[in-house]
Amino acid sequence: MKLVLMKTIPTTLATCLFLSAQTYAATVEKKPNIVYILADDMGYADAGFNGCKQIETPNLDRLAKAGTILSSFYVQPLCSPTRSSLMTGRYVAHTGVYTIVRPHAPWGLPLAEHTLAQALREAGYETAITGKWHLGEFQPAYLPTKRGFDHQYGLWFGMIDYFTHMRDGELDWHRDDQPCLDEGYSTHLIAKEASRLIRNRDTSKPLFLYLPFNAVHGPFMVPDSYMAPYRKLSEKRKIYAGMMAAMDEAIGQVVATLEELHILDNTLIIFSSDNGGPSPGTITDNSPLRGGKGSILEGGVRVCAFASWPGHLPGGKVVDQPVHIIDWYPTLVNLAGGSLKKSLPLDGKDIWPVLVEGAKSPHDAILLSGTTPGKAAVRAGDWKLLRGERDTTSVKQGKGAKGDKVEGYQLYNLADDLGEKKNLAASHPEKLAEMKKHLDRLLKDAVPFPKAASPENQKAGSEDL
Ligand SMILES: [Ca+2]
């Protein structure tokens, strides 16, 4: 029954008290279009809406201001693991995608997984990916067009040249999973394709557009004009800032297309990075968090994020409840009126009441898996426990930190110590024991690292992805 029309915005919000996305969906006249914008390797503090003063991101800021900022939004510390989490609603401890799927590696997101794109397509959505896949391609069955996407455009791996789209002498640019020779800066091409898809969409269906930019990942490349406002920054930071500006402009173009076609009001736009910024303090800025890409410290796994759907999600709001990217799967499928029956057992939870009503996080604890066996963290309430992560708090950073021992546990109270500087593991044995129990419970049925993704085999890769 269609209870509420889009025009009655205040009523819409008022009637959805403590309702899941599934129940809320019944109050919405039309299923929303869903656009998930994923930045690659973006620093926590590198957008204006998250406090950045150096880099201008007006389009992201406008969207964030009109929506709800998620200030405790968790992901995995690397590209492929986060993407698998979004696509399955399941922890990497259950999908096995603990680390990067390197080009031509004989593995990928397991075929038994039922992807978000599949679930939304079954709910009646047209589905598209424009950008970076990074979940396997060694067999055709692993390609996006076989994983639920009606349309594919962009790159399968990562680390491509932004202008030639080559990686290690091999073209990595595809349309519908066939080689594509389009010319241009990849951020521009991804946005252009997104707008084309929106214009040419099947108007009888809602659209799910997954927009994972390869920006702002290295190699650091951008047309000179984007760097002009940032001449005073250091060389690498300057290029990175230009790449951020290009991505922000591209996002603005996609939003403008939605606006022009009068469908912005019926489009839920979600934005996040896929992991924390690399080289924090040099290239990216994750402050006030410690650590960066690859780490299970907050700087590696807590990323800038927001969701915007005016009239349905509150504007100008910041939600600090801890949520994880796995939560979008059930939330979005519920919102789409879809079914979760084909999905493997989900770890993600419907976070609609958290977004709309200020409800507490549905998780009593959130698992954050490291990229090597044994390394893991858990967030529960204000507390965080890390196992197997190097503790550099008591030694000098930089040169001397390399040889530090990896040992034991680190325990932090994030309410007092967001920068994870004061390890309380020794002084709070009861809390340590409680957090260990959370970690053991969350890892009790963890799958092993895939053999093809073992650290030894990963060393064969040429560069960090
Ligand atoms: Ca990444």
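I shall speak about confidence, the calcium site, the sheet and some backbone details.

This is a predicted model, in which local features need pLDDT of at least 70, side-chain atom pairs count only at pLDDT 80 or more, and totals for chains, interfaces and linings use all residues. Residues are numbered from 1 along each chain as its sequence is written, and side-chain values use heavy atoms, with hydrogens and water left out.

pLDDT is the predictor's confidence in each residue, from 0 to 100. Its mean for the protein is 92, and 90% of the residues reach 70 or more. Over residues 1–11, however, pLDDT stays under 50, and over residues 395–406 it is also below 50.

Let me turn to the metal. Which residues coordinate the calcium ion? They are Asp40, Asp41, Cys79, Asp274 and Asn275, at 2.2 to 2.7 Å. Donors here are N, O and S atoms within 2.8 Å of the metal (3.2 Å for Na, K and Ca); water is not among the atoms, so sites may look incomplete. The angles among the 6 donor atoms run from 52 to 157°, and the site is irregular. Irregular means anything other than these cases: four donors are tetrahedral if all angles lie between 85 and 135 degrees; four are square planar and six octahedral if opposite donors are over 155 degrees apart and all others between 65 and 115.

Aspartate 41 is buried, with a relative accessible area of 3%, and asparagine 275 is buried at 0%. Buried means under 20% relative accessible area, exposed over 50%, and partly exposed in between, with a 1.4 Å probe and protein chains only.

Next, the sheet. Strands (E, at least two residues) and helices (H or I, at least four) are DSSP runs, numbered from the N terminus. Ten strands form an open sheet with mixed pairing, in the order β9-β8-β5-β4-β10-β1-β11-β13-β2-β14. Its edge strands are β9 (178–179) and β14 (317–319), each pairing on one side only; two strands pair if DSSP finds at least two bridges between them. Strands β5 and β8 pair in the antiparallel sense over 2 bridges, and tyrosine 153 has arginine 175 in β8 as its bridge partner.

Finally, the backbone. Cis peptide bonds join alanine 215 to valine 216, with omega about 10°, and glycine 218 to proline 219, with omega about 0°. Histidine 165 has a positive phi near 65° and is buried, with a relative accessible area of 1%. Histidine 104 also has phi near 65°, but is partly exposed at 45%.

Key:
Contact = heavy atoms within 4.5 Å.
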